[in-house]
Amino acid sequence: MRNDADLTTDHRSPSENDTPNADTGYQPAAGESDPPRREFKARGSFVERCDGCRLPVLNCLCPYRVMATSDAQVWLLTHPYEHNKPTNTGRLIADVLPQTQTFTWYRTAPEARLLALLADRRYVPFVVFPDDQPDYQHRVVDERAVIGAKQDGFIPVFILIDGTWRQARRIFRKSPYLEDLPVLPLHTDRLTRYRLRKPASASHLCTAEVAAELLRKTGDADAANVLDDYFDAFNESYAASRFYHKIEKPNAAMQRLLDRRAFGASYA
Ligand SMILES: [Zn+2]
């Protein structure tokens, strides 16, 4: 975690949404976004967790794990703090879509594997990010560019920055290897269903929800549906465990996943 130290001594931009300490320019954010310094100590960290899914064993997610295929791929660029959080939803994408690549974000030294993939001409990568700032408008594209890449025989890739919104902005701004890539914003009316962290706004979808929406909008509806259901199962299972409630009857999303596991994709 050598980069954690790097991050915590870095001065943040005043536009970022917390009050800097006048002396040091840095003050840890409050609440859920407070970065864990060493090992992760969450609420409920004393709870026994499943080795397979990292959820409390009370409502383990493993029975609902189903894989799907998609034309587009997802590459996760994950903030180092995010990897340790059991509430992280980026990993759900990798469970459903086995071609998913996960990279840890380092400001100073990007992973060589990521640079190699970015240079690979088979892929057409898009950085998924809001289009709300003027300085990169020339890079903004929409879903048609993804569908076009597919039609031209390329593999479109959604690069999802996996972290808090503040971390994501930082990663977007401080990663030279992302600077030349097209920016794909997600415009959707859907509100987040995520119950495990409090979002700043209900329109802030979590990482798995963003992936499902992008897949749905660009022709990978089956993968989108499975991921949506898997996210629902995760959300429901985890939230129930926080209240020590055991789910006795699978909800509709869980039942679809169980059916798919039992009977295969043709069932759905
Ligand atoms: Zn499990």
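This is a predicted model: local features need pLDDT of at least 70, side-chain atom pairs count only at pLDDT 80 or more; totals for chains, interfaces and linings use all residues.
Residues are numbered from 1 along each chain as its sequence is written.

**Exercise 1**

Work out which residues of helix α7 are buried, and what they pack against.

*Solution.* 

Step 1: Helices (H or I, at least four residues) and strands (E, at least two) are DSSP runs, numbered from the N terminus. A residue is buried if 20 or more other C-beta atoms lie within 10 Å of its own, exposed if 12 or fewer, and partly exposed in between, with C-beta atoms placed from the backbone.

Step 2: go along α7, residues 207-217. The buried ones are Thr207, Ala208, Glu209, Val210, Ala211, Ala212, Leu214 and Leu215.

Step 3: look for the partners. The buried residues pack against the strands β1 (73-78), β3 (123-128) and β4 (155-162), and against the helices α3 (90-96) and α8 (221-242).

Step 4: check what comes next. Glycine 219 follows α7, and its phi is positive, near 100°.

**Exercise 2**

Describe how α7 and α8 lie against each other.

*Solution.* 

Step 1: take the axes, which are lines fitted to C-alpha atoms, for helices over the stretch in contact, with angles from 0 to 180 degrees between N-to-C directions. Those of α7 and α8 come within 7 Å and cross at roughly 160°.

Step 2: name the arrangement. Angles under 35 degrees count as roughly parallel, over 145 as roughly antiparallel, 65 to 115 as roughly perpendicular and the rest as oblique. So α7 and α8 are roughly antiparallel.

Step 3: list the residues in contact (C-beta atoms, placed from the backbone, within 7 Å). From α7 come Ala208, Glu209, Ala211, Ala212, Leu215 and Arg216, and from α8 come Ala221, Ala223, Ala224, Leu227, Asp228 and Phe231.

**Exercise 3**

Find where arginine 54 and tyrosine 244 sit, and say whether each is buried, partly exposed or exposed.

*Solution.* 

Step 1: start with arginine 54, in the loop between α1 (2-9) and β1. Its phi is positive, near 70°. Arginine 54 has 15 other C-beta atoms within 10 Å, so it's partly exposed.

Step 2: move on to tyrosine 244, in the loop between α8 and α9 (252-263). Tyrosine 244 has a positive phi too, about 55°. With 11 C-beta neighbours inside 10 Å, tyrosine 244 counts as exposed.

Step 3: Most residues other than glycine have a negative phi.

Conventions: Two residues are in contact if their C-beta atoms, placed from the backbone, lie within 7 Å.
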